[in-house]
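Here is a short briefing on one protein chain.

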Amino acid sequence: MIENTKVITCGPPIMIKYTIQSLLKLGFADKDIITTLEMKMQCGLGKCGRCNIGSTYVCKDGPVFTNEQLKSLPDEF
Ligand code: FES
């Protein structure tokens, strides 16, 4: 059943962190766990530079990412 299931999480960052850890323990693949980093955004237009994680702009490249994508980002968030 897990093979055909995607999980979408949202909420406070600390809750998302522990939810993802639990989902991985349950056997979900990184590509099937989807979450948001919108809490890092300010202008939402790619102008202020407040949301970048490495060369990725959350407002322009997201704000929705799979856990697989998050793992490819620097550990800044
Ligand atoms: S929120 Fe301002 S650049 Fe992304």
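The model is predicted. Its mean pLDDT is 92, and 97% of the residues reach 70 or more.

**Overall layout**

- The protein chain holds three helices and five strands.
- Read from the N terminus, the order of elements is β-α-β-β-β-α-β-α.
- The C-alpha trace spans about 40 × 20 × 20 Å along its principal axes.
- Of the 77 residues, 16% count as buried.
- Take the contacts between residues at least 6 apart in sequence: 51% of them join residues at least 24 apart.

**Confidence by element**

- Strand S3 (residues 52-53) has the lowest mean pLDDT among the elements, at 92.
- Strand S1 has the highest, at 97.
- Where pLDDT is low, predicted coordinates should not be read in detail.

**The sheet**

- An open sheet is built from three strands in the order S1-S2-S5, with mixed pairing.
- Strands S1 (7-8) and S5 (64-66) stand at the edges; each has a single partner strand, so one side of each lacks a neighbour in the sheet.
- S1 and S2 run parallel and are joined by two bridges.
- Val7 has Ile33 as its bridge partner in S2.
- The chain passes from S1 through H1 to S2, and this β-α-β crossover is right-handed.
- On the other pairing, S2 (residues 33-36) and S5 are antiparallel, with three bridges.
- Ile34 stands opposite Thr66 in S5.

**The two faces of S2**

- In a regular strand, side chains alternate between the two faces of the sheet.
- The covered face of S2 carries Ile33 and Thr35.
- Its uncovered face carries Ile34 and Thr36.
- How exposed is Thr36? Thr36 has 18 C-beta neighbours inside 10 Å, so it counts as partly exposed.
- Leaving out residues up to four places away in sequence, Thr36 touches Cys10, Pro63 and Val64.
- Thr36 and Asp61 are 25 residues apart along the chain, and their C-alpha atoms are separated by 11 Å.

**Helix H1 and its surroundings**

- Helix H1 covers residues 13-25, which makes 13 residues.
- From first C-alpha to last, H1 reaches 19 Å, close to the 18 Å expected at 1.5 Å a residue.
- H1 is hardly covered, and its count of buried residues is one.
- An α-helix has 3.6 residues a turn, so residues three or four places apart point the same way.
- Gly11 and Thr35 are 24 residues apart along the chain, yet their C-alpha atoms are separated by 9.1 Å.
- Gly27 follows H1 and has a positive phi, near 105°.

**The nonpolar core**

- Which residues make up the largest nonpolar core? Its seven residues are Leu37, Cys51, Tyr57, Val58, Cys59, Phe65 and Leu70.
- In soluble globular proteins, nonpolar side chains tend to be buried together.
- Val58 belongs to this core. Beyond its neighbours within four places in sequence, Val58 is in contact with Leu37, Lys40, Met41, Cys51, Ile53 and Pro63.

**Loops and a cis peptide**

- Most residues other than glycine have a negative phi, and most peptide bonds are trans.
- The bond between Gly62 and Pro63 is cis, with omega about 10°.
- Pro63 lies in the loop between helix H2 (58-61) and S5.
- Pro63 is also among the contacts of Val58 and of Thr36.
- Arg50 lies in the loop between S2 and S3.
- Arg50 has 13 other C-beta atoms within 10 Å, so it is partly exposed.
- Arg50 and Lys40 are ten residues apart in sequence, and their C-alpha atoms are 7.0 Å apart in space.

Definitions and conventions: Residues numbered from 1 in each chain as written. Predicted model: local features only at pLDDT ≥ 70, side-chain atom pairs only at ≥ 80, totals over all residues. Pairing = 2+ DSSP bridges. Helix = DSSP H or I, 4+ residues; strand = E, 2+ residues; numbered from the N terminus. Buried ≥ 20, exposed ≤ 12 C-beta atoms within 10 Å, placed from the backbone. Contact = placed C-beta atoms within 7 Å. Expected span 1.5 Å × (residues − 1). Core = buried A, V, L, I, M, F, W, Y, C linked by C-beta atoms within 7 Å. pLDDT = per-residue confidence, 0-100. Right-handed = clockwise from strand over helix to strand, strands pointing away.
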